[in-house]
Structure formats: structure tokens, C-alpha cells
Amino acid sequence: MSLYRDEGVVLRTQKLGEADRIVTVLAKRTGKIRAVAKGVRRTTSRFGARLEPFTHVDLQLHTGRTLDVVTQAETIRPYGEVLAADYPRYTAGTAMLETADRLTHGEKEPALRQFLLLVGGLRTLADREHEPRLVLDAYFLRSLAVAGYAPALEACARCRAPAIRAFAIVAGGVVCGACKPAGSAVPAGETIGLMTALLRGDWAAADASDQRHRNECSGLVAAYLQWHLEHGIRSLRHVEREPV
Ligand SMILES: [Zn+2]
């Protein structure tokens, strides 16, 4: 049997038989792993609580015929405990775990940048320095960018003209008046500015934004993410691309 170690974030768990669980982990070097954690649903389990969603954990596993098996688990940081006490942060964290799961398509395909974004996003949520919805929107935009779906925010997504009129999800971001599809959203310039700040990690600008621009930003980002998860996932390449 072959043993390996990696650190990762537990994305989700499901019951297996009487006492076992299958844990899905986004691991730093290995990428997404589905592994069996034996006996973790017994109260006497040595590492059951370390294999709950949100936990950043150091794992030892052995390679199995179908699923690998967790043999050791040590907590690096239990984000679930911190986030569970704050409902808006908890729901934002849950959306991060789901998105990380859906944007990392294959098992054991390295996804280092998605892992780093997820750990960074959970840490920022837990540190409580920024509004949870801003942290979530920054995470969405940046994980989409790593997956190859950064929205165009500075020039028309279709013709690269600099004069922006609207935001069109199907076009891939902002569009000019000539390229604007019917029914495009027409957000405030400040909203596009906020999206740019979140994508770049410019927290000074993001924290200074108005609530109405945050609301508009969240609506656009959620719709943009949803569209790509539904339409883009099949063509998602297994390699990570540079953000635009
Ligand atoms: Zn155009």
C-alpha cells in the first residue's frame, strides 16, 4: 500500500455504511481527493471532528483500489468552529466550499491556485475584517478567473472598445453600446469599479464602496457565476489558466 501526505480543506462529507464517511477534500498538491474515513461517526473516533467541512487539515492517506483511505488527520485550522457562530459568514463559507468543489472538476488533478484561493477566502471570512458578502464576491470572481472565466471589466468583452455601456453575462463581461445584447444589465460605473477592486484584491477600495453598489455587484457576480457553472463546466479545462 502506498502512503502519502497532503494538506487540504474538507469540502463535504457523506455517510458510508454504519460508521464510516467519505470525505471530499481539496488538497494543496494532489487536487480534489475523495477518501474513506473509517469509524469517524463513532463517538470514540480519534479524528472524526477533524474531518468536518471547512476544516483545514493535514492528512495521511493510503491509496486504495477505488477510494483512498484516511489514516491520520491533524487540524491546521478549524474554520467551521469560527464560522458556525456567525450565520452570514457561515453561509458565505458554504458557498465557497460548493464553488471550489464545482470549479475543480477532476479528482487528483492539481489545483494549487484554487486551493490557495479557498484557504485565503476562509481565512479572510474568519478574520472578520471585511463584510462577508464582499469576501464571497471576491472569492467568486477570483476563482472564476483562475478557472479561465475572468469577466471583462475594462473594455468591451466582444470588440475591446473602451466605452462601456452594459454588463452582459453571455458576452463575458462589460460591453459597448454597439455590442450590447438586448436585456443586458446596466450597472453603475462604481459597481464595475467594485468588481475590479474585488478581482484585484484591492480591499481599501472595496471596503469604501456604497451598499447599493455592493448589492448590484453581488447580483451580477452571482448571475455570472451561475451561468458559468451551468454552461461552462463541461468545457472547463483541467489546467489552471492565468487570470486575464
Ligand atoms: Zn463592443
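Student: Which residues coordinate the zinc ion?

Tutor: Donors are N, O and S atoms within 2.8 Å of the metal (3.2 Å for Na, K and Ca); water is not among the atoms, so sites may look incomplete. Here the zinc ion is held by the SG atoms of Cys156, Cys159, Cys176 and Cys179, at 2.3 Å. Their sequence spacing is C-x2-C-x16-C-x2-C. A note on the source: this is a predicted model, where local features need pLDDT of at least 70, side-chain atom pairs count only at pLDDT 80 or more, and totals for chains, interfaces and linings use all residues. Residues are numbered from 1 along each chain as its sequence is written, and side-chain values use heavy atoms, with hydrogens and water left out.

Student: Why is the arrangement around the zinc ion called tetrahedral?

Tutor: Ideal angles for four tetrahedral donors are 109.5 degrees. Four donors count as tetrahedral if all angles lie between 85 and 135 degrees. Around this zinc ion they run from 104 to 116 degrees, so the arrangement qualifies.

Student: Is Cys156 buried or exposed?

Tutor: Buried means under 20% relative accessible area, exposed over 50%, and partly exposed in between (1.4 Å probe, protein chains only). Cys156 is buried at 0%, while Cys159 is partly exposed at 41%.

Student: Happy with that! What covers the buried residues of α5?

Tutor: Helices (H or I, at least four residues) and strands (E, at least two) are DSSP runs, numbered from the N terminus. Contact means heavy atoms within 4.5 Å. The buried residues of α5 include Leu194 and Met195, and their cover includes α4, β6, β7, α6 and α7. Arg214, found in α7, touches Leu194, among others.

Definitions and conventions. Four donors count as tetrahedral if all angles lie between 85 and 135 degrees; four count as square planar and six as octahedral if opposite donors are over 155 degrees apart and all others between 65 and 115; anything else is irregular. Lists of a residue's contacts leave out its neighbours within four places in sequence.
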